[in-house]
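Me: I am new to this structure. Can you walk me through how to read its features, one at a time?

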Amino acid sequence: MTSISAETFTGDIAAAFAGVVGAEDLVTDPARLLRLSGDLSMEPFESAALAVRPGTVEELAAVVRRASELRVPTVLRGAGMSYTRAHTPLRPGLVLVDTARLDRVDEIDAEDLTVTVEAGVTWERLYLALAEEGVRTPFWGPLSGRNATIGGTLSQNSVFFGSARYGTAADSVLGLQVVLADGTVVTTGSGAHRGGTPFFRHFGPDLTGLFLCDSGAMGVKARATLELIPLPAVARGASFTFTSRAAATTAMAAMARLRVASDLYGFDGFYHGLLAELGVQGLRGKEASLHAVVEGADDAQVAAGLSQLRAVATRYGAEVPGDVPLLMRADPFGATQMMFRAAPAGVHLPLHAVVPFSRARAVAGVLERFLLDRATELAAHGIGTWELVTATGRDLNFEVTLHFEGDYRDATVEPAARAAGVTLRRELADRFTRSGAVHTQLGKYYAFRDELRPATWELLDAIKRAVDPDGQLNPGALGLGGH
Ligand SMILES: Cc1cc2nc3c(=O)[nH]c(=O)nc-3n(C[C@H](O)[C@H](O)[C@H](O)COP(=O)(O)OP(=O)(O)OC[C@H]3O[C@@H](n4cnc5c(N)ncnc54)[C@H](O)[C@@H]3O)c2cc1C
């Protein structure tokens, strides 16, 4: 690919995009471009040469088409809350498309139980708009949902609120409107039927799935139609503590298998310290805790679900007051922000390992082994770890985070800890992979290609070539592109 000079980006290329969105929705300031281009992975990235902020789906399609005509590759950005090099450019000369202005909730259909939204809508905004109509999406947001967008989340696949019963973000999707690399707008699911509406995902082969969890490699999500459920009338929580992580993991798998809880998640001692700062004292000093929320139409239904969970959990641990689920549900998207404000300022490097229930103990063991093997290096650089485990319907999602003092934006602070943190995170990710775990939020971080059987990779690569023949969209995402 011929390189284009920086001047061209601020000159002819900027003018071409300004012709679509207007000059006020271009970003050319280098400091702002650097901020928009980076993520929380501490891995190397290049700054985008220009950012474009389309305000309608038509503008979005025109921006992508224009980029294709100019042969300028693009990366898509939602809220930039991810940490796997997902939207970060790997080489100079890319245009970043910022979806923040695509923030319309297009249609809430409480009769057919569907909602159609633009890609830049946040989970919090969607939740609040739906609550007014007495409905909700089954999965209803990651902890970052105050900022995280529908488009970014469906591209990474996230878990948390609603996941224990209803699965991941991708599991709630009925259909998409996607802009292909050449600017063509494609509809998937029953919305693709001439004269049809988007109420049914499996109308023929699942083209919706092709564009989910793709880290933006296959197409640009413009709109998504998600399933709705009635807003539960009653939601109540219960909490349990355990003397070991192993016991908590065993209990969690057994509880998750019942498919009774809507939310089911586990914290470790680091989280317990943060929660103590917020006034939740009962977990201080405990090794591990689990928190569950059961939803239902009335008290009796919820009480029955909670007693099923209690019967299992108390075989391995003890019940404690359910302050945590209460706190999380009182302000779902604010609670995390409060917790992180209580956290020591520093760099946090998370990674995921997803396993079926039967392998949960083994994966918990991988972390314990890593902490023993690398105790010296971790201590030498003041690196700690913390762990959040979320039940996601048929499996458990372990999120382990390495943390140390420093500032993401100041590369001169603690360079040795940074280098060690990045290396150790990679080693832990590789250990999880070797243990048979898979990952969500693949971005450009995990060695996806090496993890796949060759025939599967070849099919994926062939599909990428069909939808994006010039490798224009998010080059390097999933290890694809740049061909
Ligand atoms: C404090 C904090 C809490 C978090 N909590 C959770 C949690 O509870 N559960 C969880 O699973 N994750 C969590 N995350 C990770 C992250 O927030 C989620 O992955 C989130 O869904 C990302 O959304 P985003 O809008 O920020 O996407 P971005 O980071 O902007 O983008 C993610 C990927 O999607 C692509 N993309 C964005 N928009 C589009 C589009 N319209 N079309 C095509 N591709 C697109 C990007 O190119 C990129 O590859 C958390 C992160 C932080 C920092």
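**Reading the spaces and the chain**

Reply: Start with a lining: by class, the residues around the largest cavity are seven nonpolar, three polar and three charged. Here Ala, Val, Leu, Ile, Met, Phe, Trp, Tyr, Cys and Pro count as nonpolar, Asp, Glu, Lys and Arg as charged, and the others, Gly among them, as polar. Keep in mind that this is a predicted model, where local features need pLDDT of at least 70, side-chain atom pairs count only at pLDDT 80 or more, and totals for chains, interfaces and linings use all residues. Residues are numbered from 1 along each chain as its sequence is written, and side-chain values use heavy atoms, with hydrogens and water left out.

Me: What is a cavity, and what is a pocket?

Reply: Rolling a probe the size of a water molecule over the atoms shows where empty space is left. The search runs on a 1 Å grid over the protein atoms alone. A cavity is a set of points where a 1.4 Å probe fits but cannot get out. A pocket is an open set with protein on both sides within 12 Å along at least five of seven lines. Lining residues have an atom within 4 Å of a point. Grid points are joined across faces, edges and corners, and a volume is the space filled by probe spheres set on the points.

Me: How many cavities of 30 Å³ or more are there?

Reply: The count is one. The largest cavity has a volume of about 110 Å³. Its lining has 13 residues, and Ala 248, Thr 249, Ala 288, Glu 387 and Val 389 lie nearest its centre.

Me: Which element gives the most to that lining?

Reply: Elements first: helices (H or I, at least four residues) and strands (E, at least two) are DSSP runs, numbered from the N terminus. Helix α8 gives the most to the lining of the largest cavity, with four residues. At least two lining residues come from each of α8, β13 (263-268), β14 (288-296) and β17 (384-391).

Me: How do I check the length of α8?

Reply: The expected span of a helix is 1.5 Å times one less than its number of residues. For the 13 residues of α8 (residues 245-257), that gives 18 Å, and the end C-alpha atoms are 18 Å apart, so the two agree.

Me: Is α8 mostly covered or mostly open?

Reply: α8 is mostly covered, with ten of its 13 residues buried. Among them are Ala 248 and Thr 249, which also lie nearest the centre of the largest cavity. After α8 comes Arg 259, with a positive phi near 55 degrees.

Me: Which domains make up the chain?

Reply: Domain bounds come from an automatic or database domain assignment. The chain is divided into domain 1 (6-100), domain 2 (105-230), domain 3 (234-340) and domain 4 (344-434). The centres of domain 1 and domain 3, taken over C-alpha atoms, are 41 Å apart. Domain 3 and domain 4 each give at least three residues to the lining of the largest cavity.

Me: What about the second largest pocket?

Reply: The second largest pocket has a volume of about 580 Å³. It is lined by 18 residues, with Gly 38, Asp 39, Phe 45, Tyr 408 and Arg 409 closest to its centre. Helix α2 (residues 30-37) supplies the largest share of this lining, three residues. By class, the lining has nine nonpolar, two polar and seven charged residues. Domain 1 and domain 4 each provide at least three of its residues.

Me: Where does Leu 478 lie?

Reply: Leu 478 is in the segment after α17 (454-467). Its phi is positive, about 60 degrees, although Leu 478 is not a glycine. Leu 478 is buried, with a relative accessible area of 5%.

Conventions
Buried < 20%, exposed > 50% of the residue type's maximum accessible area, 1.4 Å probe, protein only.
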